[in-house]
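Here's a quick briefing for anyone meeting this structure for the first time.

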Amino acid sequence: MSVILVESLSKRFSRKGQWTEALRNINLELDSGTFVSLIGPSGCGKSTLLRIIGGLETADAGKVSIGGMTPLEAQASKVFGFVPQAPALFPWRTIIENMQLPQEVNRKGGAAYESNREDETELLRAVGLGDFTNAYPKELSGGMQQRVGIARAFASGAPILLMDEPFSALDEITREKISHQLMSIWEKHQKTVVFVTHNIREAVFLSDKVVVMSSRPGRITEIVDINLPHPRTKMEENDPIFHDYVHQIRALLQERWD
Ligand SMILES: Nc1ncnc2c1ncn2[C@@H]1O[C@H](COP(=O)(O)OP(=O)(O)OP(=O)(O)O)[C@@H](O)[C@H]1O
Ligand SMILES: [Mg+2]
């Protein structure tokens, strides 16, 4: 069943009297429980599309439906969990207390999705931070803090997670490790994830679908279904099908540069 439906969506920004067409005629239908990546050149509108889906930005034309709700209604019902580039952790709260924050907020708001709550400690263990539950954010490296952000999003009870380049500040090896941890959590919890990345291998490894976008005005060039089996974490490094997908997406991205 489609949980995110985007129809004929367009968005322009005006700055100092100049109009920028950020998104043109975007159509997208995403099923519940799928992992979807948005990939495309810088400035093609990935963050804008993610923000419109999450109700943080409004479109000029077109329609977005989140399980029959508008993005703002969905936001008010605590449907979304956001994972930005740097996690917003409160320095005076321990890691486990930071993990519990969304549930605390939801309880006060009487959220509809509270019953999906997961066990915070188990999720922290899944991202390799089982020994840091009582540490404070300043005692953790940037990569470790980012893992808290991911675990917290899965613990929040929100059924749709919106992630905007959550690994962009990390080195290559840490990034690979964390994407494996994200995959193993996702394989267990199967939330709907919309994930923005510039990294083709990461997109293929994580996704059921990769949405390839072209440069300004942002349009969808192609939606590639990734038919790789799960668990992906057990996948061989040099699986030829994996490499075929990587080449296919690289070619689609290059086409637009030529
Ligand atoms: N609030 C804003 N005001 C004016 N222009 C904006 C605003 N937000 C985005 N834009 C413009 O819209 C276009 C798309 O921006 P967006 O941030 O969505 O791109 P992106 O694909 O996420 O890029 P990157 O990969 O660099 O993060 C860009 O040209 C950007 O300058
Ligand atoms: Mg962006």
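In what follows, Ala, Val, Leu, Ile, Met, Phe, Trp, Tyr, Cys and Pro are called nonpolar, Asp, Glu, Lys and Arg charged, and the others, including Gly, polar. By that scheme, the shell around ligand 1 has 4 nonpolar, 7 polar and 3 charged residues.

This is a predicted model, where local features need pLDDT of at least 70 and side-chain atom pairs count only at pLDDT 80 or more, while totals for chains, interfaces and linings use all residues. Residues are numbered from 1 along each chain as its sequence is written, chains are lettered from A and ligands numbered from 1 in the order in which they are written, and side-chain values use heavy atoms, with hydrogens and water left out.

**Around ligand 1**

- There are 14 residues around ligand 1, and Ser-42, Gly-43, Lys-46, Ser-47 and Thr-48 come nearest (a residue is near if one of its heavy atoms lies within 4 Å of the molecule).
- Polar contacts here are pairs of N or O atoms within 3.5 Å; within protein, one atom must be able to donate a hydrogen and the other to accept it, and residues adjacent in sequence count only if both atoms are side-chain atoms.
- Lys-46 puts a polar side-chain atom 2.8 Å from an oxygen atom of ligand 1.
- Taken alone, ligand 1 exposes 640 Å², and the protein buries 67% of that (areas are from the Shrake-Rupley method with a 1.4 Å probe; for residues, only the protein chains shown count as cover).

**Helix α1**

- Helices (H or I, at least four residues) and strands (E, at least two) are DSSP runs, numbered from the N terminus.
- Both β2 (18–31) and α1 (46–53) give at least two residues to the shell around ligand 1, with the largest share, 3 residues, coming from α1.
- How many residues of α1 are buried? It's 6 of its 8, where buried means under 20% relative accessible area, exposed over 50%, and partly exposed in between (1.4 Å probe, protein chains only).
- Those buried residues are Lys-46, Thr-48, Leu-49, Leu-50, Ile-52 and Ile-53.

**The largest pocket**

- A pocket, on a 1 Å grid over the protein atoms alone, is an open set of points where a 1.4 Å probe fits, with protein on both sides within 12 Å along at least five of seven lines; lining residues have an atom within 4 Å of a point.
- The largest pocket holds about 500 Å³ of space (points are joined across faces, edges and corners, and the volume is the space filled by probe spheres set on them).
- Its lining has 19 residues, and the closest to the centre are Phe-80, Gly-81, Phe-82, Pro-102 and Ser-156.
- That lining divides into 12 nonpolar, 5 polar and 2 charged residues.
- Ser-156 sits in the loop between α5 and β6 (160–164), and counts as buried because its relative accessibility is 7%.
- The side chain of Ser-156 reaches the backbone oxygen of Ala-153 at 2.8 Å.

**The second largest pocket**

- About 300 Å³ of space lies in the second largest pocket.
- Among its 14 lining residues, Glu-176, His-180, Arg-201, Phe-205 and Glu-237 lie nearest the centre.
- The lining of the second largest pocket has 3 nonpolar, 3 polar and 8 charged residues, and α6 supplies the largest share, 5 residues.
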